[in-house]
Amino acid sequence: MVLSLHSLTTILVAIFVVTAVYMISGRRQHFFEGVSTMSRTTVKSTNNETIMKGYNETTLNGNSELTPLPSCDLFSGKWVYDNSTIPLYSSKQCSFLIGEFACEKFGRKDLSYQKWRWQPNQCDLPRFNAKALLERLRGKRMVFVGDSINTNQWVSMICMVESVIPSALKSVHVNGSLTTFKAIEFNATIEFYWAPLMVESNSDNPVYHRVPHRIVRAGAIEKHTIHWSDADILIFDSYLWWRVAELQVLYGSFEKPNEGIYKDLGMVGNFEVALKTWSDWLENHINRTKTQLFFNSISPTHHWAGEWGKKKEGNCYSETEPILQEHYWGQQTNPDIMKAVESTVNKLKVRGVDVKILNITQLSEYRKEGHPSIYRKQWDTLTPKQLSNPASYSDCTHWCLPGVPDTWNQLLYAYLLP
């Protein structure tokens, strides 16, 4: 069925509300201690551009999977303030921009977060060309598979391309967990599929997924894959929904829950079970000559201002500038999760399946000011206590649009149109 923007918003709202509520109200978890600190880098002005110096990606081991171009690591670089070439679109002109990411619409006045451009050290990102991408996608399916962070990137991609498509030649369709944007003239689709834990789970309903205790089913992913197994481009993400105090792996079926075996292997162990199920399916079923595969590294959150030298009770609320601390790494970004993804991707490569890691983590870590904070659609009535303390209901998980996810898509674009 073809839906209006209002209907689309209604269908997708629960995706964002649950994650935001959890991330704001959930208790803090320290994944590792002893994070090294670096001295604050200088900021210099050159030709009306402010440059944040010395940002290098050091988390992963430099494996060639992270460098799409032989001569350039796109993920090592710096943020440059650019008041002329970005943003790539106007939030007021993107007809599919939903309220969770529409910060300007919901009252944000400082718009400098829209003006930071990622500049790799050794080269330039190719200038994004919407028509060129749509031509590349002609007759093809691009599918983002994951949680609300991947929805954030999917909406960003739609905003980046839809301005060059006449209104009569674009549409959005919703079918359960699958939401499809179609560029009719190009017979191309850019889709989002809700699968927050990659494998089958009790959180798979695209609307009613707020459950008190999360369960994933080991070895089970086919319920999801039937919706995107024939896609030409697949972009996966999975992290935030694993970051809970309790999550169990079910060895059995949801139809006969009392006959199954339940195990909690810890966050990384549970995640590795899902990665194995995912990778085994790719090895046995993916069309290796047709489908391009990508996996996004962790999208960081900024819930604890003490991590970047502010008052401990603060968060991303009222932040207006990126973090200047070289190699800054938030304590809620678990490097063991990234290592698990890298290990799985390397094993797949040996088995003849090529998955590119979009290493968005370090460059996104610096962007504490890029989150919606309070400037988003609020689906629940705020209490007087909340209103008196805006930080208490700030969304420091998702990202304003235009904003950081546009850079993720520019990196993806560099792979697709090198």
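This is a predicted model: local features need pLDDT of at least 70, side-chain atom pairs count only at pLDDT 80 or more; totals for chains, interfaces and linings use all residues.
Trainee: Is D82 buried or exposed?
Mentor: Residues are numbered from 1 along each chain as its sequence is written, and side-chain values use heavy atoms, with hydrogens and water left out. Buried means under 20% relative accessible area, exposed means over 50%, and partly exposed is in between (1.4 Å probe, protein chains only). D82 has a relative accessible area of 2%, so we call it buried.

Trainee: Which residue does D82 meet in a salt bridge?
Mentor: For a salt bridge we want a side-chain nitrogen of Lys or Arg within 4 Å of a carboxyl oxygen of Asp or Glu. D82's pair comes in at 2.8 Å, N to O, and links distant parts of the chain, 35 residues apart. D82 sits in the loop between β3 (77-81) and β4 (116-120), with its partner in strand β4. That partner is R117.

Trainee: How many helices and strands are there in the protein chain?
Mentor: Both are DSSP runs numbered from the N terminus: H or I over at least four residues for helices, E over at least two for strands. Going by that, the protein chain has nine helices and 14 strands.

Trainee: Is D110 buried or partly exposed?
Mentor: D110 forms a salt bridge with R108, with 3.0 Å between the closest N and O atoms. R108 is buried, at 4%. D110 has 27% relative accessibility, so it counts as partly exposed.

Trainee: How many disulfides does a search of the whole structure find?
Mentor: A disulfide is a covalent bond between the sulfur atoms of two cysteines. Here it is called when a pair of cysteine sulfur atoms lies within 2.5 Å. Counting bonded cysteines along the chain, the pattern is 1-4, 2-5, 3-8, 6-7. The search finds four.

Trainee: Which cysteine does C103 join?
Mentor: The S to S distance is 2.0 Å, and the torsion about the S-S bond is about -95°, so this disulfide is left-handed. C103 lies in the loop between β3 and β4 and its partner in the loop between α8 and α9 (404-416), so the pair ties together parts that are 297 residues apart in sequence. The partner is C400.

Trainee: How many residues apart are C316 and C396?
Mentor: Their disulfide has an S to S distance of 2.1 Å, and it is left-handed, with -85° about the S-S bond. C316 is in the loop between β13 and α6, and C396 is in the loop between α8 and α9. C316 is buried at 3%, and C396 is buried at 0%. The pair is 80 residues apart.

Trainee: What is the distance in space from V216 to W242?
Mentor: V216 is in strand β9 (residues 214-217) and is buried, at 1% relative accessibility. Its contacts (heavy atoms within 4.5 Å), leaving aside neighbours within four places in sequence, include W242, L197 and L250. V216 and W242 are 26 residues apart in sequence, and C-alpha to C-alpha they are 10.0 Å apart.

Trainee: Which stretch with pLDDT under 50 has 162 contacts beyond four places in sequence?
Mentor: The protein chain averages a pLDDT of 86, and 83% of the residues score at least 70. Over residues 1-7 the pLDDT is below 50, and this stretch has 13 contacts beyond near neighbours in sequence. The stretch you asked about is residues 13-68.

Note on methods
pLDDT is the predictor's confidence in each residue, from 0 to 100.
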